Structures are given as C-alpha cells and as structure tokens.
Amino acid sequence: MLARAISVLFALALLSGCGQQSPQDTIKAELPSIQSNAATAHLVAESWASGKVPDAYANNALQSAQSEVKTSVQKLSSLPAGSDAEVHRSLIQHLQRVQAAIEQISTSVQKGERTVVPAQVKQLGDEQDALDKIAGQLGVGQ
Amino acid sequence: MKKIIQVALGILTSIGGFLDVGAIATSAQAGAAFGFELIWALVLGTVCVTFLVEMSGRLAAASKHTLAEAVRERFGAKFYFIQYIVEVVVDFLVLAAEIGGVCIALQLVTGLSYRWWVLPVAFFLWLLLWKGTFDLIENSVAILGLVTLVFVAAAVVVKPDWSSVLAGVVPSVARHDTAHYLFIAVSIVGALVSPYLFFFYSSGAVESKWDREYIGVNRAIAVVGMGFGSIVSLGLLVAAAVVLHPRGIQVDSYNQAALTLVQPFGFIGFLLFAASLGITCFGAALEVGLDQAYITAQAFGWRWGESQKPSKDARFSMTYTVVIFLSSLLMVAGIDPLQLTLFTMALSAAILPIVIVPFLVLMNDERYVGKYRNGWISNAVVIFIIGLAFVLAIVALPLEILGG
C-alpha cells in the first residue's frame, strides 16, 4: 500500500517535472526570479554606494544577478507571443530595460564609480516598478 | 562547579551543533520567500530534535553504548548495515555542503571563487581532526559559534511586527507557491533533525565517559542548548523576513542571504554574516567528519576515539581522512553549495524513519536504559516524530522535484 502510494507520488512528480510548460507557466516561473535578481542588484548597489559591502562581493553579486536575468530574458524572448501580443512585447521591452540597468550598475561598480551608482540605482528602481505593474497585469505576484 | 562548567560548555556546543549550513540556508530561504509563515516548521523541528538529542545522551549515559552500537546489538547487523549505508551517504553530502559553506564564506570576504578554497579548507579540517582532541574541537567551535548570536541581535534591530512573528508559530496554509512552501518546511525539519547529530552526540557522550550521574546534565544541555540554537535560527528567519521578503528577494544564493545582516549592521554585518556562516559550517563539518568515522568504526568494531592518537586508532583516522577528501572533491567539481544543501536537507528528511524508529525500542528497553526508560510524554513524542518522519520520507523527494 505504502509502496504504491510512493510510486504514484513519484510518477506524478516526474510527470509534472517532464511535462511541456505553457508560455504562461514559463512566464510565471521566470518573472519572480527576474524580479528577485533585480531587487538583489538594487540592494547590493545601494549598499556598495554607501560602503556597506566590499567591492569584490558587490562585483560578484551583480555579475551573478546580471547573468541570471540575461538567461531568463532570453528564455522569455523566445516564447511565442500568444493571444496578447501587445502585453508580451511590452513585458520583453521592460525586461530588457531592467537587464540594461543592471548591466550599467555592474559596469560602474567594476570601475569603482561610486558617485554614478545612486542615479543608476534610481533608474533601476523605476524599471522595477514598471515591471511589477506588468507582472500584476499578468497575474504574477511576488 | 565542574558540572556547571560542563553544562555551560555543553549548551555552547549545542548552539554550535544546532546551527549548520542547512539551518542557515533554510531559515534565510523561509524568511525571504514566505515572511514569518514558516516559523512553525522551525518550532516543530526544534521540539523533535530536543527530544531525540536528550534520548541519545540518556542512552549513552545509562548504557555506555553509542546509538550506533545499541542499534547494531539490539536490531542485528543487517538492520544496522542498512541504517549505516543511508547515514554514510547523507553524511557524505552534508559534509560536502558544510565544506561548501565555509568556502562560500571565504568567497564573500575575498571575492575569490569558493572552488579555490575547497582543498585548503578540507586540509585544515583534516589537520584539526588529526591533531586535536574531542574537547579542544568541541569547545573551540562552541565558543567561536557564539558569533551567530548576531542573528538574534539583527532580529531585534530590524523591528519586526512581533504579533506577526507569534502568529507564524501556528501552522498555516501557503498563500502562494504551495509546493515550494512545503519543500522549505520539509527542508527546515530535515536541517534541524539531522540524523548525524544523534550518532555524534551519543558517541561524544561515551567518549567523554558520561555515566548515570550525567542524566540531568544531558537533559539541561538538550533543552537549553537546542532552545538557544533554535532562537538563533529564528533570528535569521525573522531578519530575512523583514529585510528580504518585502523587497521580493528570494535566497537562491548566499550572496543574497548576506544582505540580511548588511541592512541592520552595515559593513560589520556583512563580515559577521560571513564569519557566522564560516564558523558554523566549519564546526558542523568537523562533527560530520567525525560522525562518519564514529559510525564506521562502530559498524565494524574498530577501535575509535577522537581523543586518541591517530596511530592508536588508524582505521578510525583513515575513515575521516578519506571522507573529507572525497566530499571536498564534490565541491571542487563545482556543484552549487546552496542547491546541494537544500537537496541534502530534503534527503535527510527522507531517511528519518530508519534512524528514529529504533529510539522507541531502545529507550524502553531496561537492558539498556534501566530505570531511565522513556515516560509516556517521551514515548508519545517519539511516536509522533516517527509518524512525521514517515510523512516527510514520502513527500520529501516529490517536493524536491515540484518545489525545490
């Protein structure tokens, strides 16, 4: 009885793991990760600008966030637009802006440009707000 | 006076022993992803581990048997061999994750990739086991482990809504992402009720020559030590819930977890996070490395004891040498330490039944514990834990796939 229950659970888990995700499911899975990485980049850059974290850590954390966001954006860009092409296009545009903002911050931190970063952080914050709105429209909450 | 010092040291050791890479990773993840919602899992894990650690120590003090020896003798070699194999596999992965945790701490501070630190850390770990005695290792790790009290300080400084914290003690249904919620809950329990802790604790008690006079000391260490350790984990969860959760930061890497202390304490907070991670993982790695050697030596009837010179118990010393080397190779290969930690914690939950069921028999067998048998409360708790362990064992791996 127990063995059967375990087998069924495993089968269900494997099926859900191997099954084809719809574009909507992919967006729901990837968007929170992008939002999390953008928020991480925001907080790391803010902390770095006020001397709360070392350069090496800030570089590492920003590069990692940048790479994660890039991978997710590539994944979402390759999805078919589906029924609501306008929202999809808008989402990808916002994601690309978030990606660009993180890249700018990462470059500035690498160069040690402490005075430039606060303005870039503000810009990233604006992009995050816009992204959160679109995520809300798509029914993806954090 | 001597007993008071032993209790104090035991409590310190328990705080160090309670916290490890799993407790840090799962507490930070729980707070970041679900706010205060998963505090109940921490409380549940703490109650379970406190009872089981107390029983491991009572068994050792009353019978002068380690848990492994008692299981082998009472249940036979076949049963013990199965328990030994699953424990060795999980210990091996836990050890790799702990070494990874130390290396990540060094990466945070230096910026040099954790993979470069693996072999030096493994060598230093081995050297300390080779040259040190049980008391030296336990006491130094325990005292250094006090740095983790910074998590408690952080929880106070970030000023959480304490009524919401208290509400988190009551189990609740996930408000979103149910599979991930349950996976983290299982991982928290798996991280706290670490099987290695019981084998290690009873071996340490036998090595420290505990007898029946230590029954009270053991109880005090288990209750107060595990209680304090739990408060430290709770501190991290609360700080992560206040600092990371509102910003939507999920803890997918230790880079993100470090921010928990940066907000309340600035640069010092960053350094204290790295120190806490490094010290607790190093302490836990020493314990898991020793545990591998203890259970292997006890399985095959070899001479064992960390306080003896390696030449006196060559096979025991060779065991921890080999497992430290092999575990470090896993990290050199580039496996993500956080992902390995979470996977291992779920696996720990999955093997709990085979580790915990023997407690019910041993702690009621007068040939081992004499008049120090379990009372009805302890038996009721063990039966509850066994039930819980079976549920965790069934759901742990599917949840790993669905929500991990």
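pLDDT is the predictor's confidence in each residue, from 0 to 100. This is a predicted model, in which local features need pLDDT of at least 70, side-chain atom pairs count only at pLDDT 80 or more, and totals for chains, interfaces and linings use all residues. Residues are numbered from 1 along each chain as its sequence is written, and chains are lettered from A and ligands numbered from 1 in the order in which they are written.

**Chain A: confidence**

Chain A has a mean pLDDT of 81. In chain A, 81% of residues reach 70 or more. Over residues 5-19 of chain A, pLDDT stays under 50. The model has 12 contacts beyond four places in sequence for that stretch. Two residues are in contact if their C-beta atoms, placed from the backbone, lie within 7 Å.

Helices (H or I, at least four residues) and strands (E, at least two) are DSSP runs, numbered from the N terminus.

**Chain B: overall form**

Chain B has 17 helices and 0 strands. Its C-alpha atoms fill a box of roughly 55 × 45 × 45 Å, taken along the principal axes. Among contacts in chain B between residues at least 6 apart in sequence, 84% join residues at least 24 apart.

**Chain B: a helix pair**

Helix α4 (residues 67-110) of chain B packs against helix α13 (residues 314-332) of chain B at about 65°. Their axes are 8 Å apart. Axes are lines fitted to C-alpha atoms, for helices over the stretch in contact, and angles run from 0 to 180 degrees between N-to-C directions. Phe92(B) and Leu95(B) are among the contact residues of α4(B), and α13(B) contributes residues including Val323(B) and Leu326(B).
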